[in-house]
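Please read the following note alongside the sequence and the structure.

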Amino acid sequence: MMNADLRRERAAATFQPELLTHILDGGADRTRRRKELEALVINDPDFQHEDLNFLSRSQRYEQAIRKSSLMVMKLREYGIADPEEIYWFKSFVHRGRPEPLDLHLGMFLPTLLTQATPEQQDRFFMPAWNLEIIGTYAQTEMGHGTHLRGLETTATYDPATQEFILNSPTVTSIKWWPGGLGKTSNHAIVLAQLYTQGQCKGLHAFIVPIRQLGTHEPLPGITVGDIGPKFGYDEMDNGYLKMDNFRIPRENMLMKYAQVEPDGTYVKPLSDKLTYGTMVFIRSLIVGDSARSLSRACTIAIRYSAVRHQSELKPGEPEPQILDYQTQQYKLFPLLATAYAFHFVGAYIKDTYRRISGDINEGDLSELPELHALTAGLKAFTSWAANAGIEECRMACGGHGYSRCSGIPDIYVTFTPSCTYEGENTVMMLQTARFLVKSYTQVSSGQRVTGMVSYLNDLSRQRIQPQHVAARTVTVRLNDPVSLVEAYKARAAWFVEAAAKNLEAELHRRSKEDAWNKTSVDLVQASEAHCHYVIVKLFTAKLAEISNAAVRAVLTELCLLYALYGISKNTGDFLQAGILTDAQITQVKQRVKELLAVIRPNAVALVDSFDFHDIHLGSVLGRYDGNVYENMFEWAKKSPLNKTEVHESFHKHLKPMQAKL
Amino acid sequence: TEGAPTHKYSQGSALGGVNPDLASERQTPSFSVEKLTALLDGGEENTRIRRAVVEAIESDPVFSRENQYFQSQNEKYEAAVRKAVHLQKKMHEMGWTENGPEFKYIYRALSGEVAFLLHTVFMRSISVLGSDKQITKWIPLATQYQLIGSYAQTELGHGTYLQGLETTAVFDIATQEFILNTPKISAMKWWPGDMGRSATHAVVFAQLDIQGKCYGVHPFIVQIRSLWDHSLCPGITAGDIGPKMNFDHIDNGYLMLQNVRVPRENMLSKFCEVQPDGTYVRRGSQQINYFTMTALRVALISHEAVIPLMKACTIAIRYSVVRRQSKLKPGEEEAKILDFQTQQEKLLPHVAAAYAFHFINNYLEDLFNRGYEEIQRENFDMLPELHAFSSGFKAMVTQYCASAVEACLRACGGHGYSLLSGLPSLCTRILASCIYEGENTILFLQTARFLIKCFMAASAGHPVPPSVTYLAAVKPGKCPAKNKFDFLSPDTYTEAYQHAAVRLISSTAAKLQDLIQSGVKKHDAWNECTVQLVQAVKAHCHYITVKNFAETVERLETKGGIQRIMKHLCDLFALHGIFSNAGVFLHDGYISGAQMDMVTASYLDLLAVIRKDAVPLVDAFDFTDKTLNSALGSYDGQVYQRLYEWAQKSPTNTQMNPAYERYLKPLLHKKLSKL
C-alpha cells in the first residue's frame, strides 16, 4: 500500500516522470537498458545481504569482496563490456558504494593498457584480467597528495643487476590511502622518483609485487596494512605501503613512454599533455557523481517531507505536511534544481570529452587545455555544492535524518572525500583561475579567446569607455533564463577582471609567487563565478532541446529557481558589480519564493524522475511507498544492540553498582 | 616564555620531542598564552582546578579513549556504562561533589562520552515538575542508582511540536491508575537516550485523558524494566533504535506501551494534579519550568558547540603548520599550508568565531543568572527576552559551529577523513546539536516572533527589553568609512551590523503587515515571510555577537598583549561576516561598492596578521592530547609518526583477514574457468 500523501502527490504532478527520466538517461532506450541491468542485480540472490548499517567494518569489507568477485564473473558471463554499462552494473551491485576492487578495475588495468609496453601487457594484463593479479595504484603518500612533484618514494636503478631498488626513505613517504592496498591487492603500480646515473628524473610508475602469490603474505622488504577507520569507505581497505630496499626487475617500470635502458640511460617521453585526458575523464565522473549523490539525498528528503506531518499552519486544521512550510521548500527546492543543473553539466562534460578525445587520437590537442581548466573548476564547484547540499537534506529530515536508517549519513560520508581526492578543491579552483587570468591577459594584449571564456573578449571593447566594466548596465529580465545567463556572465567578467587587476597591482609590489598567493582568495572567487556562469548557461541551453512541453515547463521553473536563488545568495556581487539594482534584488527574492510555490506540486514527481530503486537508495525515510514509521521500527529491531533482550553490560556493570551503592 | 604544562605531552613523549615546524610557531607569540587560557577559564584558579580534574580523569585507564575509533556500537555502549559507573567511585575518591567547582569540568574531561546523561534529565524533571512528596520518594532512589531513569518525550512522528504527541494516559477512577498506551506506530517513543538498554524507569510524556476529555501533554513516571533482572515489564516493548551518525555510546531507544498501568501518584504534579475523583487541578505558575527548558539550551552552547569548534580549530591549525605542500617560491622548501592565503581564509575566521562565541556564551550565562535571580523573586518580566535569546543563539551558534567544524575537517585534506584525525567524530557529533533541544529553523522562528513583536512595540513608542532597544533608534544614513583602516573601528562595523539587522527586521515586519492588510490570513502571511524572518534573526544574533565581542575587548586588560590580539580577532570576525554576506550590507547602499573593496582589503590584511599567532591562539584553548584524541592535532606535531603507529593498532591489522580465506584465496587461486 502506498502512503496516501505520496499517492496524492504523484497524482497531482503536471508531467510524466518517465519522460524526464529518459532525458536524464539520454534516451528511452538507455533507460530501458539501465533498468534491465538493475533487474539483473536486484533479482539475483547472490547479491543479497544483511543491511550494511548493522555490520562491522570487517564484515562490510567481506561482503564487498564477495560481491566484487561475483560481479566480475557475472559481467563476463552476461557479456557486459560497454564502460557505461559496467559502471551501472557495478553501481547496482555495490549500491553506489566503493569496493575493494575499484582501483584494480578503474586504475590498475587501464594504466596497464595505456602505459605498459606490449611485453609488459603480455606478462601482466591477462593475469590481472583473470584476477590472479589484483593490483592497486599507489600514488598518494602520507606527506603528499595533490602536489605530485613532492612525492618522496624513490626508485634507484642498479645497472649491475638491472633492477630498481624501491625505498620509502621517510615516514612521510609511506604510501597512504590507496584503495584495495590494505588487505586485497598482491600488486601495486607505485609512483616513485626515478634515480638513474645519479640523477633524479622525476615521477615514474612501477609495477611492484607486494604479496606472495599463494599465501598472500607480504613479501620481504614490504610493510603493508590497512590505515584504520575513516569517516566512511568502511568496505574499502585503504592501505599503507612501506618499501625497504625492495628490488624489482628493470622491465617492471611502465615504459611505453619514458624508458630506462639496461645501462641506465634515460629516454624522455614525447609529450605530457596526454595525461590531461585521464584527469579530465575522472573529474568529469565526479561532476556526474555530485549530481547523483545530491539527487539521492533530495529524493529521500523530499519524499519524507511529504510524509511527515508536524505542527500547525492554521489553528484547528490537521498538521500539515512539512513540505508545505516555506522554510522547508526553501531548504530543499534549490537543491533539487541544483541536482538537475549538475546532471546536465555532467552530461555536457562527458559528451565534450568524448568528442575531443576523437580529436586527440588524431593528434589535435587544441581544445584540451580549456576543457582541463573547466573540469577542474566544475569538479570543485559541484562537489562543494553537493557536499553541503547532502548535509542540508539530512538536516531537513530533523532527528530521523541523523539515524543511519535515513541513508543520508552514508551518502554524505561516501561523497565528502570527493572534495579532496582527484585534486583538492581549492587547488582545482586555482587551476581554473590560472586559465582565466591567462585568457584575460591574452584579451588585454589584443588577442581573441574562444570557448566558455569568450565573454572576456567583450572586456576589450568596454575598455574604450573609461568606466569599469561593471558599470555597464545589463537589462536583466528575471523571467528569462537567457537574460539571467547574461547577468551571470557579467558577474564572471567582473570577478575575473577584478582578480586579474589585483594580481597585477600585487605584482608591482612583490614576487610573482607571493602576488599569486596574496590574490588567491580573489582568484577562487573568480573561478567560482565563472563556473556558476557555465552551469546556468548549460542548464538554460538544455531547455531548448526538450520537446515535451510539460517537461520543458517544469525544467524551466527549476532553471529559473537555480539561477535566481544563486543571485539571491550572492546579492553582494550583483550589487557591487552594478548588474542589478536594490529593487531588482528585492524582486529576485520575491520571485524565488513564488517559484517555491510553483514547484511544490511537482516536487515528488521531480525526485521520482531520478528513478532510484529502493534498494539502491538504501533509506527508510525515502522509500518509494512512503511507509516510513512501520519500517523504521522493523529496521531498528534488527540492530545489534537488540540481539539480546538484556545487554551484558547490565550484569557486568549496572547490577554490581546498584548492589554497592 | 612560560613553558607549556607537561601534561600536554602525555601521548607524545616517545616520538622525539616537538616537531620543529610547530615549535617555531610558539617562539614569538604576541601575547601571553597562559594569560589567555586564564581569561577563557574565568581566572587562574579555574584553570588550575580544570587541569587537576582533567589530569585525574585522564590518568585513570578506565576513562581511556584510545581505542574509541576502533570500537563497535556495542563496545562503545559498554565503555560508556563502565565509565559512568566508575565515575561515581572516582568522584567519591576525589571528593568531588555535584555542587563543587570541579563538577563542570568532568564532562569536558570525558569529552561527553559517558552514559546516564538522561538519568540526570530524569532527575531534573522530577525536581522541577514533581511535588515535594514525589521528590522525596524518587530523588534519593535515583541518586543512589537504585533505578536508572530516562526522559521519553520525542516520538517517531513528533519532535519539536509537543502538542502533537500521540501517547495516551487515560485515568481510571475505579483503580486510581493511569493506563498508558501507544495507539499507533508513529506514537512510539523514539530517540530518548539511555532508554534502549539501560533505563529501568522513564518520565513519559502523554496526552492526559480524564473521562473522555483531553487535558494535553503531561509527564508520568513509568517503570519499564525489572529492578531485579532487567527484563522488560509487562506491556512494555523497548529496544535500541539502531546505528546513528554518532552517539554510538548512547543507547537511544524506542518504547511502546500497551495498557501499562501506573498509580495516580506517578503523574508529576507540581503544577497539575488529577484528584481521586478525576477532578483536574492546575496550580502555580509553570514559568519556572519554562525557564529550565530555556536554560538547557544555553547550557549546551558551550559544551556541544563552542568547545568542539575549539578542538577542531586546534587540530586543523596545528596540522596546517606541520603539513607542507607545494612551493610558494621556486627553489624554496615546500611551504606550510597555513602560509597559503586560501588556507588562512578557511581556518582563521573560525578561530575568531570560537572566541566570539565563547564571549557571547559568557554574556548569555550572566544574563541567565540574573534572570534566575529575578524569577526567584517571582518577577517573570525577563522571560520572553531570555527565551528569545536562548532560541536564537542556540540555533545560530550550533549552526555556525557545525559548518565550521566540517570546514576544519575539509581543510585537512585526505587525512582529515581518517577517524584518527579526530575530526569526523567531532563533526558527526556536533551535527546533532542542530536538532536536539529544538530544531534550529523552528528556534529561529521563535526568536523572530519576539523580534517582530518588539519592533512593533518600539515603532509605537512602547518600551522594549534592553537587548532590542536598538530597533527604536533607527538612524538613516550611510557608512562613514573613508579608507580600509576605518573598517578596523568597532563603531564602524558594529553600526553596519546594527543597520543591517534593523533593515531586515523592519522590511520583513512591513511585508507581514502588508500581507495581512491585503487580506491574507495571519498564519499564511507568517509562512510566506518565514524565509526572510530567519534571515532577520540571524542578522540580529550576528549583530549582538559582534557588539558583545567589541565590548568585551574594551574591558580586557592591556597587559600581556591580550587586548591587542583579541581586537584583531574581533575585527576579523566582524569583517568576515561582512565579506561573506556582502549583499546584505550593499543592499540599500549603506555600504558602497568602493567601501566593500575596503572591507575585503582590511579583511585579507588581518589574515596575514593573525597568521603569526595562529598556533598560540589554539594552544590557549589548552586541550590535552588525550582530549583531542587526534593524530593530526597533538601538541608535539609528530603527525605522520603517530598516524602510522596508530593505524597499525587497527583491528584490521591486528586480526586475521577472514575475507582472504573465504573469498580472496579462491578468487586468486582457481584458474577461473569462466573468465
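The points below go from confidence, through the contact between the chains, to individual elements and salt bridges.

1. This is a predicted model, and its overall scores are an ipTM of 0.82 and a pTM of 0.88. Chain B has an average pLDDT of 92, with 97% of the residues scoring at least 70.

2. Where the two chains meet, 132 residues of chain A are in contact with 135 residues of chain B. On the chain A side, Phe231(A), Tyr402(A) and Leu641(A) lose the most area to chain B, and together they account for 7% of what that side buries. Between them the two chains bury about 11200 Å², and 60% of this area lies on carbon and sulfur atoms.

3. Charged pairs also cross this interface, where the rule finds six salt bridges. In one of them, Lys314(A) pairs with Asp524(B), with the closest N and O atoms 3.5 Å apart. Another salt bridge joins the side chains of Lys329(B) and Asp514(A), at 3.0 Å from N to O. This pair runs between chains, from the loop between H8 and H9 of chain B, which holds Lys329(B), to helix H16 (residues 512-518) of chain A, which holds Asp514(A). Lys329(B) is partly exposed, with a relative accessible area of 25%, and Asp514(A) is likewise partly exposed, at 22%.

4. In chain A, the UniProt annotation "domain: Acyl-CoA oxidase/dehydrogenase middle", taken from an unreviewed entry, covers residues 137-245. In the model this span is 0% helix and 41% strand, and its end C-alpha atoms lie 20 Å apart.

5. Which strand pairs with strand S7 of chain A, and in what sense? S7(A) pairs with strand S8 (residues 239-243) of chain A in the antiparallel sense, over five bridges, and within S8(A) the bridge partner of Asp226(A) is Gly239(A). Strand S7 (residues 222-226) of chain A is largely enclosed by the rest of the structure, because four of its five residues are buried.

6. Helix H2 (residues 33-41) of chain B has several buried residues, namely Val33(B), Leu36(B), Thr37(B), Ala38(B), Leu40(B) and Asp41(B). The cover over these buried residues includes, among other elements of chain B, helix H3 (44-58), helix H8 (287-322) and helix H9 (341-376). After H2(B) comes Gly42(B), whose phi is positive, near 85°.

7. In chain A, Lys90(A) forms a salt bridge with Glu99(A), the closest N and O atoms being 4.0 Å apart, and Glu99(A) is buried, with a relative accessible area of 0%. Also in chain A, Arg60(A), Arg97(A), Asp234(A), Glu235(A) and Asp410(A) are linked in a network of salt bridges.

8. In chain B, a salt bridge of 2.9 Å, N to O, joins the side chains of Arg611(B) and Asp339(B). This pair links distant parts of the chain, 272 residues apart, with Arg611(B) in helix H18 (residues 593-611) and Asp339(B) in the loop between H8 and H9. Arg611(B) counts as buried, at 9% relative accessibility, whereas Asp339(B) counts as partly exposed, at 27%.

Methods: Residues numbered from 1 in each chain as written. Chains lettered and ligands numbered in written order. Predicted model: local features only at pLDDT ≥ 70, side-chain atom pairs only at ≥ 80, totals over all residues. Heavy atoms only, no water. Buried < 20%, exposed > 50% of the residue type's maximum accessible area, 1.4 Å probe, protein only. Helix = DSSP H or I, 4+ residues; strand = E, 2+ residues; numbered from the N terminus. Pairing = 2+ DSSP bridges. pLDDT = per-residue confidence, 0-100. UniProt positions renumbered as here; feature names shortened; annotations may be inferred. Contact = heavy atoms within 4.5 Å. Buried area = accessible area lost by both parts, 1.4 Å probe.
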